[in-house]
Amino acid sequence: MESLLQIMSADLAQRREQGTLKGEEQVVEAILAGGDGHGPRLLLAGQGQTTFLAMNSNSYLGLARHPALLAAAAQAADRYGVGPGAVRFISGTCRAHLELEEALARFHQRPAAMLFNSAYAAVLGVLAPLISPQTVVISDELNHNSIINGLRLAKPAAKEIYRHLDMEELEARISACRHQARRVLVVSDGVFSMRGDHAPLAHINEICQRHAASFPEGILTIIDDSHGVGAFGATGRGTEEQTGSRADLLIGTLGKAFGVNGGYVTGPPTLLAYLRETAPCYIFSNPISAAEAAAARASLAYVDSSAGGAALHKLASLAGRLRRGLTDLGYRTIQGDHPIVPVITGDTATNRQLAAFLFSRAILATPLSHPVVPRGQDEIRLQVTASHTAGDIDLLLDALAAFCSRPG
Ligand SMILES: Cc1ncc(COP(=O)(O)O)c(C=O)c1O
């Protein structure tokens, strides 16, 4: 043990030196309600009574403490207990899970949906069973870590990576494996979590349709739209709605815009029935709790209510306000409509200074450097939520303006 611990200490020290150590986690002590023109604020351990503006939450609709979700969770916990007590096929399935699966299928206008205990597990659970030794997988270079590790667990005939969003390269790679594969999977994030840009799904589908007949088992598109569902598109259907196109298999999370926890896949019933028999992280791992399932169903109902429509509208408008403000200040960002708004500094030291400066102004934002983003693409990821106010965005922009004009 002693020598192992020394190796680990050296590794941690190296990460600290390179500035890539994630380090101590901020501990949230309390969430204070918004009011008087500002959104909610956080109290953090060790920071006294300073109240922090969080620009680093995936809870895009601000639903985690919505009364309807809390009530649904409390009722379900009361009825089924706080934990499932077993995996789905033993005794862990309760009515709340089935009701949520039906609601998710309806939400995405699919014949069926299947829950996993996280989107990460959903990606692992979907990829491995669908990849045979005669399958070629083609994946965007900036896909989420769950896809990268999902592909590592599988044994495809080949794994091809195309440059981010480069449709010419995607098509060339599909053409090149014509005699090598029986089946092709094209796998992409919907919204890319570090950038807020999204896969050109209509174009991907058009390419796949053009080439599908060259493969005996066809080409399947698998989209992980964890940052898109509930947050993006006029009614929160994500990248599919934004691009007017659909994936064969759509994976989403319940733990970001929907404000709860868990993951899911939607698609053809036979395919999902096959996954229920073959996906290890579904078969051998407990599902989300009944309380989470009931809260997530309340969340879907919220998104489809007039309040949900208004929240989506507000979210898009606040994200636009932030992008315009950043551009006016001369910051580099990525244009688009998604509430992930990156500030690209391109430099690890500046990135760290900017995050620390924002922290000193009681603003939480995530600095991302290599290997989380490509070298030279260091960024501060800002995430807007519907519980922010225009005043919150202006406060952030004032702090960013002050960073530009600081002495030295
Ligand atoms: C694209 C993508 N997929 C999956 C996940 C994981 O989601 P979950 O927390 O539900 O496992 C994330 C979260 O960071 C993500 O960005």
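Author: Begin with a term: two residues are in contact when heavy atoms of theirs lie within 4.5 Å. Keep in mind too that this is a predicted model.

Reader: With that term, which residues is Ala121 in contact with, leaving aside its neighbours within four places in sequence?

Author: Ala121 is in contact with Phe116 and Cys281. Ala121 itself is found in helix α5, residues 119-130.

Reader: Is Ala121 buried or exposed?

Author: The cut-off for buried is under 20% relative accessible area. Ala121 has 8% relative accessibility, so it counts as buried.

Reader: How many cavities of 30 Å³ or more does a search of the whole structure find?

Author: The general idea comes before the case. Rolling a probe the size of a water molecule over the atoms shows where empty space is left. In this structure the search finds 1 cavity of 30 Å³ or more, and the volume of the largest cavity is about 40 Å³.

Reader: Which residues line the largest cavity?

Author: The lining consists of Arg88, Leu115, Phe116, Asn117, Cys281, Tyr282, Ser285, Asn286 and Pro287. Phe116 and Cys281, the contacts of Ala121, are among these lining residues. At least two lining residues come from each of β4 (112-116) and α11 (280-283). Sorted by class, the lining has 5 nonpolar, 3 polar and 1 charged residues.

Reader: Now a strand. Which way do the residues of β14 point?

Author: In a regular strand the side chains alternate between the two faces of the sheet. In β14, Glu379, Arg381 and Gln383 point one way, while Ile380 and Leu382 point the other way. Residues on both sides are buried.

Reader: Which strands pair with β14?

Author: Strand β11 (residues 340-344) runs antiparallel to β14, and 5 bridges join them. Within that pairing, Val343 has Ile380 as its bridge partner. Strand β13 (residues 366-368) also pairs with β14 in the antiparallel sense, over 3 bridges. There, Leu368 stands opposite Glu379.

Reader: What is the form of the peptide bond from His370 to Pro371?

Author: That bond is cis, and its omega is near 10 degrees. Pro371 has its place in the loop between β13 and β14.

Reader: What about backbone angles: what is phi of Gln109?

Author: Gln109 is not a glycine, yet its phi is positive, about 50 degrees. The residue lies in the loop between α4 (95-107) and β4. With 66% relative accessibility, Gln109 counts as exposed. Leu165 is another residue other than glycine with a positive phi, near 65 degrees. Leu165 is found in the loop between β6 (158-162) and α7 (167-176), and at 27% relative accessibility it counts as partly exposed.

Reader: Last, the whole chain. How many helices and strands does it have?

Author: The chain has 15 helices and 14 strands. Its radius of gyration is 22 Å, close to the 22 Å that the globule rule gives for 408 residues, so the chain is as compact as a globular protein of that length. Buried residues make up 50% of the chain. Among contacts between residues at least 6 apart in sequence, 69% join residues at least 24 apart.

How values were computed: Residues are numbered from 1 along each chain as its sequence is written. This is a predicted model: local features need pLDDT of at least 70, side-chain atom pairs count only at pLDDT 80 or more; totals for chains, interfaces and linings use all residues. Side-chain values use heavy atoms; hydrogens and water are left out. On a 1 Å grid over the protein atoms alone, a cavity is a set of points where a 1.4 Å probe fits but cannot get out, and a pocket is an open set with protein on both sides within 12 Å along at least five of seven lines; lining residues have an atom within 4 Å of a point. Grid points are joined across faces, edges and corners, and a volume is the space filled by probe spheres set on the points. Helices (H or I, at least four residues) and strands (E, at least two) are DSSP runs, numbered from the N terminus. Ala, Val, Leu, Ile, Met, Phe, Trp, Tyr, Cys and Pro count as nonpolar, Asp, Glu, Lys and Arg as charged, and the others, Gly among them, as polar. Buried means under 20% relative accessible area, exposed over 50%, partly exposed in between (1.4 Å probe, protein chains only). Two strands pair if DSSP finds at least two bridges between them. The radius of gyration is taken over C-alpha atoms; the globule rule is 2.2 Å times the number of residues to the power 0.38.
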